[in-house]
Amino acid sequence: MAAGSANITHVAAGPECSAFVTDKGKLYMCGSGDHGRLGLGHTNTARTPLLVSYFGEDHAIEKVACGIAHTLCMTSKGRVFAWGDGTWGNAGIITQSDVREGGGGGGDRDKREAKELRGAGRKEREERENLVVRRAISR
């Protein structure tokens, strides 16, 4: 792994992927990229751990969990991010298919926010994603 001098502080594994968090707060993932579960911006298989660059220097990752086709992580500030397949609500957010089909169980407000996420800027999108995730967790 190209983690340099960083030490691995947390690991997680799902049926088709593995995740590694370093003491520098970086997240690396490898395995099947199906459904975008690796968070690498593509659905290709990664045979060696690759840096999830989405977080940049903005967020230090502390914990990660891998599901069947989705991944969740928590930052040092307690923010939760989820990606991959959320068809059944397993990622804690409403997927585009839920919005289109009217499912997701989050009510009209959540559906509206999920639609707005598509056009939002990165910072605004992150804030709205966390609102939707917190609301889903508090139910």
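1. Is glutamate 16 buried, partly exposed or exposed? Glutamate 16 comes out as partly exposed, at 43% relative accessibility. Here buried means under 20% relative accessible area, exposed means over 50%, and partly exposed is in between (1.4 Å probe, protein chains only).

2. A quick word on the model: it is predicted, so local features need pLDDT of at least 70 and side-chain atom pairs count only at pLDDT 80 or more, while totals for chains, interfaces and linings use all residues. Residues are numbered from 1 along each chain as its sequence is written, and side-chain values use heavy atoms, with hydrogens and water left out.

3. Searching the whole structure turns up two salt bridges (a side-chain nitrogen of Lys or Arg within 4 Å of a carboxyl oxygen of Asp or Glu). In one, arginine 37 pairs with glutamate 16, with the closest N and O atoms 3.7 Å apart. This pair links distant parts of the chain, 21 residues apart: arginine 37 sits in the loop between strand 3 (27-31) and strand 4 (46-51), and glutamate 16 in the loop between strand 1 (8-13) and strand 2 (17-22). Strands (E, at least two residues) are DSSP runs, numbered from the N terminus. Arginine 37 is buried, at 3% relative accessible area.

4. Now for lysine 26 and glutamate 57, whose side chains meet in a salt bridge at 3.0 Å, N to O. Glutamate 57 is exposed, at 73%.

5. Have a look at serine 32 too, in the loop between strand 3 and strand 4. Serine 32 is buried, at 11% relative accessible area. Neighbours within four places in sequence aside, serine 32 is in contact (heavy atoms within 4.5 Å) with Glu16, Arg37, Leu38 and Thr45.

Methods: Helix = DSSP H or I, 4+ residues; strand = E, 2+ residues; numbered from the N terminus.
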